[in-house]
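Biologist: Thanks for sitting down with me today. Could you take me through this model, one question at a time?

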Amino acid sequence: MLVLTRKSKQSIMIGDDVEVSVLSVMGEKVRIGIQAPREIPVFRKEIYVEIQRDRGRAGQPRPDVSSEAGDPLRKREGPNGQG
């Protein structure tokens, strides 16, 4: 695991297309923003684990990434930077 230290308003890049930004730090809570192409699914881990568990129960193969891009649980940034 790579461990990095960042302050509020600083970012890290994952590859060329994914930027993870620290938006604010309030006590033990850290708000992060993730900017990624729509075809890359982004989930909180607890949601991801639940989705994987549900797929296992239903015996469903993992859908291709393009079908997950429209997932209603995934909040996307609008053209003016608004969520």
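Biologist: What share of the 83 residues of the protein counts as buried?

Modeller: Buried means under 20% relative accessible area, exposed means over 50%, and partly exposed lies in between, using a 1.4 Å probe and protein chains only. Of the 83 residues of the protein, the share that counts as buried is 20%.

Biologist: What is the mean pLDDT of the protein?

Modeller: This is a predicted model, in which local features need pLDDT of at least 70 and side-chain atom pairs count only at pLDDT 80 or more, while totals for chains, interfaces and linings use all residues. Residues are numbered from 1 along each chain as its sequence is written, and side-chain values use heavy atoms, with hydrogens and water left out. pLDDT is the predictor's confidence in each residue, from 0 to 100. In this protein 71% of the residues reach 70 or more, and the mean pLDDT is 82.

Biologist: Which pattern does the protein follow along the sequence?

Modeller: Helices (H or I, at least four residues) and strands (E, at least two) are DSSP runs, numbered from the N terminus. The protein has 2 helices and 3 strands. Read along the sequence, the pattern is β-β-β-α-α.

Biologist: In what sense do strand 1 and strand 2 pair?

Modeller: Two strands pair if DSSP finds at least two bridges between them. Strand 1 covers residues 11-14 and strand 2 covers residues 18-26. With 4 bridges in total, the sense of the pairing is antiparallel.

Biologist: Which residue takes a positive phi in the hairpin of strand 1 and strand 2?

Modeller: This hairpin has 3 residues between the strands. Asp 16 lies in that loop and is exposed, with a relative accessible area of 75%. The positive phi, near 65 degrees, belongs to Gly 15.

Biologist: Is Ser 21 buried or exposed?

Modeller: Ser 21 sits in strand 2. Leaving aside neighbours within four places in sequence, Ser 21 is in contact with Gln 10, Ser 11, Arg 31, Ile 32 and Gly 33. Its relative accessible area is 16%, so Ser 21 is buried.

Biologist: Which strand gives the most to the nonpolar patch?

Modeller: Patches are made of residues with over 30% relative accessible area and no salt bridge: like charges are joined within 9 Å, and nonpolar side chains (Val, Leu, Ile, Met, Phe, Trp, Tyr) within 5 Å. Here Val 25, Val 30, Ile 32 and Ile 34 make a nonpolar surface patch of about 340 Å². Ile 32 has 48% relative accessibility, so it counts as partly exposed. With 3 residues, the strand giving the most is strand 3.

Biologist: How many salt bridges does a search of the whole structure find?

Modeller: A salt bridge is a side-chain nitrogen of Lys or Arg within 4 Å of a carboxyl oxygen of Asp or Glu. Glu 46 and Arg 44 form one, at 2.8 Å from N to O. Arg 57 forms one with Asp 54, where the closest N and O atoms are 3.3 Å apart. The search finds 2.

Biologist: Why are Arg 57 and Asp 54 separated by about one helical turn?

Modeller: Both residues are in helix 1, which covers residues 45-58. The separation is about one helical turn because Arg 57 and Asp 54 are 3 residues apart in helix 1.

Methods. Accessible areas come from the Shrake-Rupley method with a 1.4 Å probe; for residues, only the protein chains shown count as cover. Contact means heavy atoms within 4.5 Å.
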